[in-house]
Amino acid sequence: MSQPLTKPNNSLTSKPSPLCAFLFLIILCILGFYAVHYPPRNPQNDLLFHQIFLSSANNNTISSYLRSLTSHPHLAGTKPSLETTHYVKTHFKNLGLETHTVPFKTLLSYPLRASVSLHFDNGTVLNLPLNEIGISSYAPSGLVQPYHAYSPSGTTQGDVVFVNKGTEDDYRALEVMGVNVSGCIVIVKKGGSLSRGAAVEIAEKKGALGVLMYAEGDVSRGSFRFGVERGTVMKGVGDPLTPGWAGVEDGERLELEDNKVLDRFPGIPSLPLTFESAQVILESLGGPEAPQKWRDSSRSKLSRVGPGQVMVNFIYQGEKKLATIHNVFAVIRGSVEPDRYVLLGNHRDAWTYGAVDPNSGTAALLDIARRYALLMRKGWNPRRTIIFCSWDAEEFGMIGSTEWVEQNLVNLGAKAVAYLNVDCAVQGPGFFAGATPQLDDLIFEVTKKVKDPDSDVATIYDKWTTMNRISNIDRLSGVDSDFAPFLHHAGVSSVDIYYGRDPFFWRHVA
């Protein structure tokens with residue numbers, strides 16, 4: 001039974017985070033520049049609105065949003081996800097904002113059952129735990145069992161080979177050692193630039209029967225030892241049944257057996273493992289010694305690459321089915337250029353509770369909307385139209401945002417000024433920014449005006465340049481969050497920012 005969405009979180013409200021407040025200031029400054037900044041008609045009013053906007057920040061309020069959004073799991077397409085949809089929609093409506101919901105019917109993927117067992121030469125069998133510690137497959141919490149969305153169902157048994165991160169270079173290194181993965185189950189260490197789906201695709205091309213994948217993280221702090229990194233292995237973004245057009249209720253769809261659809265999915269099954277379960281397999285491997293480089297970069301007790309004196313039996317059964325997802329929008333009409341749009345977006349769905357990804361961003365989104373509504377009640381209006389976007393089914397491959405962009409492609413290409421994406425808003429120390437080149441100067445200007453939360457004199461820009469020796473803005477070339485359809489489909493200038501660029505924290509990759 002899901003918990004109510006209004007339960008306060010004393011642990012959060014009792015110790016407000018300055019990092020949260022800082023991040024929200026950056027978002028609103030960037031948004032404010034594009035939506036509000038123009039020659040002032042009344043400088044005194046502008047200064048007053050600016051002061052009200054910044055002074056109305058409240059960490060207790062933000063904490064309550066985060067607690068409500070994370071009170072239960074809310075996987076896209078499930079009943080609990082409707083509660084978070086209602087929560088966000090109600091929040092916007094209670095602020096007096098123009099609010100609407102846009103549903104799409106899309107193909108999603110869910111697990112039915114899975115198992116991984118080790119069969120030793122002496123006849124003993126060991127069933128590996130696949131869930132987080134203390135969580136059963138059908139826990140009352142509603143937590144979905146670990147799986148890879150869109151993985152095909154399958155039952156396979158074979159020797160195991162460790163392929164490091166699963167890159168082409170890694171397989172070439174195995175070939176030099178005389179190790180052939182054809183007919184084997186491979187175990188992959190998730191990380192680096194290779195996406196989950198790409199790792200499975202390469203393994204399939206090499207003749208592997210299945211893929212087991214684990215994430216190490218900062219094992220010394222226990223952050224990934226008993227955790228599991230769920231994710232999607234589908235190629236591309238958006239609903240696979242409606243490539244290039246929106247998945248509206250009664251619209252045209254490809255059949256599941258269509259080759260264009262099947263090409264989006266891998267041909268061999270895969271599953272995520274906890275670090276502890278992966279460690280059991282790695283310790284059982286025989287064969288050649290692992291390259292020193294692999295051992296040095298591994299947090300596991302890696303010794304050999306396999307095969308070993310153990311066979312793995314690997315079963316996964318899942319289902320793909322049409323499910324309705326819901327995007328939620330709130331609109332503030334511009335007073336001078338109402339047909340020019342500044343969009344601030346973040347997805348709402350999560351594989352489990354989503355405290356960092358995505359609801360640190362959603363909490364920011366809700367609080368910025370609250371503060372803009374407060375300004376509107378005092379007579380303020382933006383120059384351009386602001387659209388707050390709460391996306392659904394991002395975890396499955398940016399589906400909610402992609403379908404909406406496909407539905408509104410012409411308007412966005414002609415009228416959108418910029419799309420500002422906030423996903424994992426606060427996850428640790430260190431400011432990160434990714435953007436299209438024409439927005440670089442804007443980011444530099446804003447970060448120079450915002451104080452660093454850990455310093456009385458330094459700005460975000462100062463700390464940023466000190467940590468990195470240069471204020472580096474990455475290019476948004478990937479497809480790892482909801483900026484992807486705006487940038488790659490509609491050609492809209494985009495920004496993606498968050499606080500906490502931890503080298504051992506892997507953001508989800510489609």
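To which backbone oxygen does the side chain of Ser81 reach, and at what distance? In this predicted model, whose local features need pLDDT of at least 70 and whose side-chain atom pairs count only at pLDDT 80 or more, totals for chains, interfaces and linings use all residues. Residues are numbered from 1 along each chain as its sequence is written, and side-chain values use heavy atoms, with hydrogens and water left out. The side chain of Ser81 reaches the backbone oxygen of Thr78 at 2.6 Å, a polar contact being a pair of N or O atoms within 3.5 Å, of which, within protein, one must be able to donate a hydrogen and the other to accept it, while residues adjacent in sequence count only if both atoms are side-chain atoms. Ser81 is part of helix 5 (residues 79–94), where helices (H or I, at least four residues) and strands (E, at least two) are DSSP runs numbered from the N terminus. Ser81 counts as buried because its relative accessibility is 5%; buried means under 20% relative accessible area, exposed over 50%, and partly exposed in between (1.4 Å probe, protein chains only). When residues up to four places away in sequence are not counted, Ser81 touches His74, Leu75 and Ala76, contact meaning heavy atoms within 4.5 Å.

For the protein as a whole, 16 helices and 15 strands are found, and buried residues make up 56% of its 510 residues. Among the contacts between residues at least 6 apart in sequence, 81% join residues at least 24 apart.

The largest nonpolar core has 86 residues, and those with the most contacts inside it are Leu108, Ile187, Leu212, Leu343, Phe396 and Trp404; such a core is a set of buried Ala, Val, Leu, Ile, Met, Phe, Trp, Tyr and Cys residues joined through side-chain atoms within 4.5 Å. Strand 10 (residues 310–332) gives the largest share of this core, eight residues. The core lies between domain 1 (46–107 + 322–499) and domain 2 (109–135 + 143–318), because both give residues to it; the domain bounds come from an automatic or database domain assignment. A second, separate core of 48 residues includes Ile62, Tyr65, Val328 and Ala373. In soluble globular proteins, nonpolar side chains tend to be buried together. The residues touched by Leu108, not counting those up to four places away in sequence, include Ala76, Gly77, Tyr150, Phe396 and Ile399.

Ile399 is one of the buried residues of helix 12, a helix (residues 399–407) that is mostly covered, with eight of its nine residues buried. These buried residues pack against strand 1 (98–120), strand 10, strand 11 (337–347), strand 12 (384–391), helix 13 (409–415) and helix 16 (483–489). In helix 14 (residues 440–447), Asp440, Leu442, Ile443, Val446 and Thr447 are buried. They lie on the same side of helix 14 because they cover an arc of only 165° around the axis, the arc being that of the directions from the helix axis to the C-beta atoms.

Strand 15 (residues 494–499) is mostly covered, as six of its six residues are buried. In a regular strand the side chains alternate between the two faces of the sheet. Ser494, Asp496 and Tyr498 point one way from strand 15, whereas Val495, Ile497 and Tyr499 point the other way. Strand 15 pairs with strand 13 (residues 416–421) in the parallel sense over three bridges, and Ser494 is the bridge partner of Tyr419. With strand 14 (residues 431–435), strand 15 pairs in the antiparallel sense over five bridges, and there Tyr499 is the bridge partner of Phe431; two strands pair if DSSP finds at least two bridges between them.

Several loop residues were also examined. Tyr150, in the loop between strand 3 (148–149) and strand 4 (154–158), has phi near 75°, a positive value in a residue other than glycine, and counts as buried because its relative accessibility is 0%. Asn164, in the loop between strand 5 (160–162) and helix 6 (168–176), has phi near 55°, likewise a positive value in a residue other than glycine. The peptide bond from Gly306 to Pro307 is cis, with omega near -5°, and a cis peptide bond also joins Asp357 and Pro358, with omega about 15°. Ser477, in the loop between helix 15 (460–468) and helix 16, counts as exposed because its relative accessibility is 65%.
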